[in-house]
Amino acid sequence: MNDICCIGHITLDKIVTPQMTTYLPGGTSYYFSHAFSHLDGGVKYKLITSLSPAQYEAVDELREKGIQVDVIPSEHTVYFENIYGDNPDHRTQRVLAKADPFTIDKLRHEEARFFHLGSLLADDFSIELIQYLSTKGTLSVDAQGYLREVQGTDVKACDWTEKREALRYIHILKVNEHEAEILTGETSPRKAARILAEWGVKEVLLTLGSHGSLIYADGEFHEIPAYPPTELVDTTGCGDTYVLGYLYMRSKGKSYTEAGKFAAAISTLKLERSGPFSKEPKIRKQSQWQSQLQ
């Protein structure tokens, strides 16, 4: 049995920042898996993804890094355009193509201690699939895709219409402060986290950008500091890297705080370069957050 199984689409990403425009594979599954390939052993991991055969090069890249990957063929690959302004915590998006959603029939044989659903669009994972996977292991979900409505090619924020039903089955939920407000109507992160817990979530991971993150579990808050990067290059994939770090440590029996600090540390490394997380940081002075990676 795998310890962690990530399910999600690999995407084609066009990333536009004030400094540059780059074209990269992306999606939760891609950033999640690359980050895992740089971590020490002791945790068995598998990726299940779906994309067009024309983009299988991204799968080959992951397999060359030792990642176990199962591919469900799709006619199209998800194609995102991500545009960042001067504030790196905010972006605008367009979706130029969509892949097929995941189904119970395609995942019925999978076994894992932790399942993570990297939702990119609202119809990637049905409520029936969420219910089903919750019976097979600890279910972790990134809420971002459920809060994206595609109008033409533009991505607009929307509420998750089935949230009250779905959250009953989700053990770990990752949201940022904007997503938490959309879901709960609360501008206070702590109040929002409590509401999500009341709706059924056991571990709420609430990221706050440069202000760190909050973990709410067992009726207690755990404040996780933000470790400042030496250079801020690209925030794409930082949330995915955070969740991978958290699940990696939780699967090894670490506490909420230990897992959160590790997650924050590897997210800082991700911030300092385009593309996925790499354990090899740029030359730097020793800093507080580096000790979290030891």
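This report describes three helices of a predicted model, α2, α8 and α9.

## Basis of the description

In this predicted model, local features need pLDDT of at least 70 and side-chain atom pairs count only at pLDDT 80 or more, while totals for chains, interfaces and linings use all residues. Residues are numbered from 1 along each chain as its sequence is written, and side-chain values use heavy atoms, with hydrogens and water left out.

## Helix α2

Helix α2 covers residues 57-64, where helices (H or I, at least four residues) and strands (E, at least two) are DSSP runs numbered from the N terminus. Ala58, Val59 and Leu62 of this helix are buried, and burial here means under 20% relative accessible area, exposed over 50%, and partly exposed in between (1.4 Å probe, protein chains only). Seen down the axis of α2, the buried residues line one face because they fall within an arc of 100 degrees, the arc being that of the directions from the helix axis to the C-beta atoms.

On the other side of α2, Glu57 and Glu64 are exposed. The buried residues of α2 pack against β3, α1, β4 and β5, with contact meaning heavy atoms within 4.5 Å. After α2 comes Gly66, which has a positive phi near 90 degrees.

Ser251 lies in helix α8, residues 238-251, and counts as buried because its relative accessibility is 9%. Leaving aside neighbours within four places in sequence, Ser251 is in contact with Ile4, Val43, Arg113 and Phe114.

In helix α9, 13 of the 16 residues are buried.

Conventions. The expected span of a helix is 1.5 Å times one less than its number of residues.
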